[in-house]
Amino acid sequence: MSGVDDWARDIKFETPSSLARLVKQVLVNPFANYAPAGLIRWILKATGSELAAANWADPGGWRSMVISYDGQCHQWSDKVLVGSGTIPMALRNRRLLAGRVLARVIDECPSEPVEVLCIGAGPGRIIIDAMLQAEKRARATLVDLNSDAHHHAHRLARSCGLGASIRFITADARHLDRYLDGRVDVVKMIGICEYLQDEQIVSIAKAAGVLMPAGAPFLLNSLSKRHGTDRFFRRVFGLHMIHRSVDELCRLMTAAGFGDFASLSEPLGVYDIILARKQG
Ligand SMILES: C[S@@+](CC[C@H](N)C(=O)[O-])C[C@H]1O[C@@H](n2cnc3c(N)ncnc32)[C@H](O)[C@@H]1O
């Protein structure tokens, strides 16, 4: 697919300095991964870490995304975790990249308003970024298990003048076929594949694909272990993410009736945004 590589060229991504990378490799990551989990949890609790509290309440939930995206923390432990942690930094890069790709595919759609389905939409930040960037008018349906995520997304949409263009469905994405109908021009499924089994990804993509015209775009993301802190997230936050490469996700999407794949990486190499097209 020509041109996709150029879409992100002017984005100002975050990258750590060489010194920060070295300190992480030699000191921070070994401590985070191998110090007793109880001790780290105690430090995070004693210092009032909001990121840790959000993950303990809802591992990988929408609130931890808001904290990571905002990057403005009061507690010193959050300043370290959110400000210079590889995953939060990569999440902010992923937000920028996914928002840009989504805006571009919205503008490519032949119809207007463009109907966008956001699966596991969380705080709604990425679709709102995209709707603000796109030239074409879009209407979004945000699906999430968590109604608090929808309240947050609704407030955000209203503050950006997009309140009337967004609707919310509080439901399990694994049962999309039970409550969704009408045409879908674009699907965004960012930040959720890492919590789903292979067969669940295939069945969600198949259910969405039924509503999509041939050639319609579907965005999802890979997750690599290059962040170097999987052991920390499992032991301390109780976050069990499934790491999948671009090729592994493309194989799943092929089984669901998609093809013509393209992908773009954020500079930390943790996330790729994959663009798949519904096959005719
Ligand atoms: C890590 S957040 C990502 C949010 C957003 N897509 C983003 O990237 O900013 C994952 C979101 O998926 C939602 N989620 C997880 N499993 C789900 C399911 N089976 N059905 C619907 N939503 C789900 C969670 O409630 C959460 O808000």
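**Helix packing and domain contact in a predicted model**

H3 passes H4 in a left-handed crossing, meaning that the near helix is turned anticlockwise from the far one by less than a right angle. Helices here are DSSP runs (H or I, at least four residues), numbered from the N terminus. This is a predicted model, in which local features need pLDDT of at least 70 and side-chain atom pairs count only at pLDDT 80 or more, while totals for chains, interfaces and linings use all residues. Residue numbers start from 1 along each chain as its sequence is written.

**Packing of H3 and H4**

- Helix H3 covers residues 50–57 and helix H4 residues 62–70; they pack at about 160 degrees with axes 8 Å apart (axes are lines fitted to C-alpha atoms over the stretch in contact, and angles run from 0 to 180 degrees between N-to-C directions).
- H3 and H4 are therefore roughly antiparallel to each other (an angle over 145 degrees).
- Glu50, Leu51, Ala54 and Asn55 of H3 meet Arg63, Ser64 and Ile67 of H4, where contact requires C-beta atoms, placed from the backbone, within 7 Å.

**The two domains**

- An automatic or database assignment gives domain 1 (18–89) and domain 2 (98–228 + 240–278) for the protein chain.
- The centres of domain 1 and domain 2, taken over C-alpha atoms, are separated by 26 Å.
- In domain 1, 10 residues are in contact with 12 residues of domain 2.
- On the side of domain 1 that touches domain 2, H4 and helix H6 (86–108) each supply at least two residues.
- H4 gives the largest share of that side of domain 1, with 4 residues.

Terms used
Parallel < 35°, antiparallel > 145°, perpendicular 65-115°, else oblique. Contact = placed C-beta atoms within 7 Å.
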